[in-house]
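Welcome! Take a moment to look over the sequence and turn the model around before reading on.

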Amino acid sequence: MIDLSVNLNKIALIRNSREGNYPDVVAHGRTCLDAGANGITVHPRPDQRHIRPGDVRDLAALCAARNVEFNVEGNPFAGATGTYPGLLPLVLETQPQQCTLVPDSNDQLTSDHGFDLTRDGARLEPIIQQLKDAGVRVSLFMDPDKAQITLAKAVGADRIELYTGPFAEAVTQQSSEVERIFAEHCAAAEHALQLGLGVNAGHDLNLINLRRYRNLPGLQEVSIGHALTVDAISMGLSNAVAAYVTCLAGE
Ligand SMILES: CC(=O)[C@@H](O)[C@H](O)COP(=O)(O)O
Ligand SMILES: NCC(=O)COP(=O)(O)O
């Protein structure tokens, strides 16, 4: 079975468009776990556009109470800014089971590439060691590039998370590239498995492209947020409108 870790960024994004705590991110995390999700993912960003440090603390407590995996993603090189303490201090404080390091810049719209470990490997290595010493499993966000995945093992990663954005886009476009890209991911996954690395995947996975991607060799976990949140709206919108119409009719 492939584990599903639900990314709650987009619930927090809606919450942040008003003052207050509506929707309640922790309550929605509980709903995801009650519905069968295996864990929760968040990706706090320095601008706190969605997940805030308090959410990380509260969701860590929820996941610990439910004995499920908590996965915190983010840029390890982003230092403290304003009320954002920086990824490393936040992870060391909240002790998630897994930390997925992602090479995002501070103002990035969303994650769009894996690590270049030829460039970043040396400064990543002590960070990975520090996290592992604290008992946190470390996954690195990677493109399906075998040479880079060999370096992921060399710098001490436990797992990789394959960046699935281009695969997802090819499926959406019904491009003839889908099978070539998927074959590249399969080769990368097999290479990682041979090195003893675990294999996660994520970014823009959805109910359509997963029908193909779920066949990736050794796939342990997918983290999904954007499409799952959109599906929650689409699948629930008729019911919600009907409930309001009924309410307005005085029923
Ligand atoms: C690491 C990754 O793949 C991203 O999908 C990320 O977790 C999502 O971040 P945003 O929700 O900020 O786009
Ligand atoms: N690691 C990927 C993730 O957490 C969710 O990505 P997306 O489904 O929001 O694109």
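## Getting started

Helices (H or I, at least four residues) and strands (E, at least two) are DSSP runs, numbered from the N terminus. This is a predicted model, in which local features need pLDDT of at least 70 and side-chain atom pairs count only at pLDDT 80 or more, while totals for chains, interfaces and linings use all residues. Residues are numbered from 1 along each chain as its sequence is written, and chains are lettered from A and ligands numbered from 1 in the order in which they are written.

## A residue in strand E8

Let us begin with Glu 221, which sits in strand E8. Is Glu 221 buried or exposed? A residue is called buried if 20 or more other C-beta atoms lie within 10 Å of its own, exposed if 12 or fewer, and partly exposed in between, with C-beta atoms placed from the backbone. Glu 221 has 23 other C-beta atoms within 10 Å, so it is buried.

Two residues are in contact if their C-beta atoms, placed from the backbone, lie within 7 Å. Not counting residues up to four places away in sequence, Glu 221 touches Ile 2, Asp 3, Ser 5 and Asn 200. The C-alpha atoms of Glu 221 and Gly 39 are 9.5 Å apart, although 182 residues separate the two along the chain.

## The listed binding site

An unreviewed UniProt entry lists Arg 45, His 50 and Thr 110 under "binding site". These three span 66 residues in sequence, yet no two of their C-alpha atoms are more than 11.8 Å apart, so they gather at one spot. UniProt positions are given in the numbering used here, feature names are shortened, and annotations may be inferred rather than shown by experiment.

Arg 45 belongs to the loop between strand E2 (39–42) and helix H3 (53–66), and it is buried because 23 other C-beta atoms lie within 10 Å. Thr 110 is in the loop between strand E4 (98–101) and helix H5 (117–133). Thr 110 has 12 C-beta neighbours inside 10 Å, so it counts as exposed.

## Around the two ligands

A residue is near a molecule or strand if its C-beta atom, placed from the backbone, lies within 6 Å of it. Which residues are around ligand 1? Among them are Arg 45, Glu 73, Thr 110, His 203 and Gly 225. For sorting by class, Ala, Val, Leu, Ile, Met, Phe, Trp, Tyr, Cys and Pro count as nonpolar, Asp, Glu, Lys and Arg as charged, and the others, Gly among them, as polar. The shell around ligand 1 then has two nonpolar, eight polar and two charged residues.

Glu 73 is part of strand E3 (residues 69–74) and, with 28 C-beta neighbours inside 10 Å, counts as buried. Apart from residues up to four places away in sequence, Glu 73 touches Thr 41, His 43, Thr 100 and Val 102. Ligand 2 is surrounded by 14 residues, the closest being Asn 7, Gly 202, Ser 223, Gly 225 and His 226. Strand E8 (219–224) and helix H10 (226–248) are the elements that give two or more residues to this shell. By class, the shell around ligand 2 has three nonpolar, eight polar and three charged residues.

## Two helices side by side

Two packed helices are described by the angle between their axes and the distance between the axes. The axes of H5 and helix H6 (residues 146–154) come within 10 Å and cross at roughly 5°. Here, axes are lines fitted to C-alpha atoms, for helices over the stretch in contact, and angles run from 0 to 180 degrees between N-to-C directions. Angles under 35 degrees count as roughly parallel, over 145 as roughly antiparallel, 65 to 115 as roughly perpendicular and the rest as oblique. H5 and H6 are therefore roughly parallel to each other.

The contact is made by Leu 117, Thr 118 and Gly 121 of H5 together with Gln 148, Leu 151 and Ala 152 of H6. These residues divide into three nonpolar, three polar and no charged.

Most residues other than glycine have a negative phi, and most peptide bonds are trans. The peptide bond from Tyr 22 to Pro 23, however, is cis, with omega near 5°. Gln 174 is not a glycine but has a positive phi of about 50°. Gln 174 is exposed, with 7 other C-beta atoms within 10 Å.
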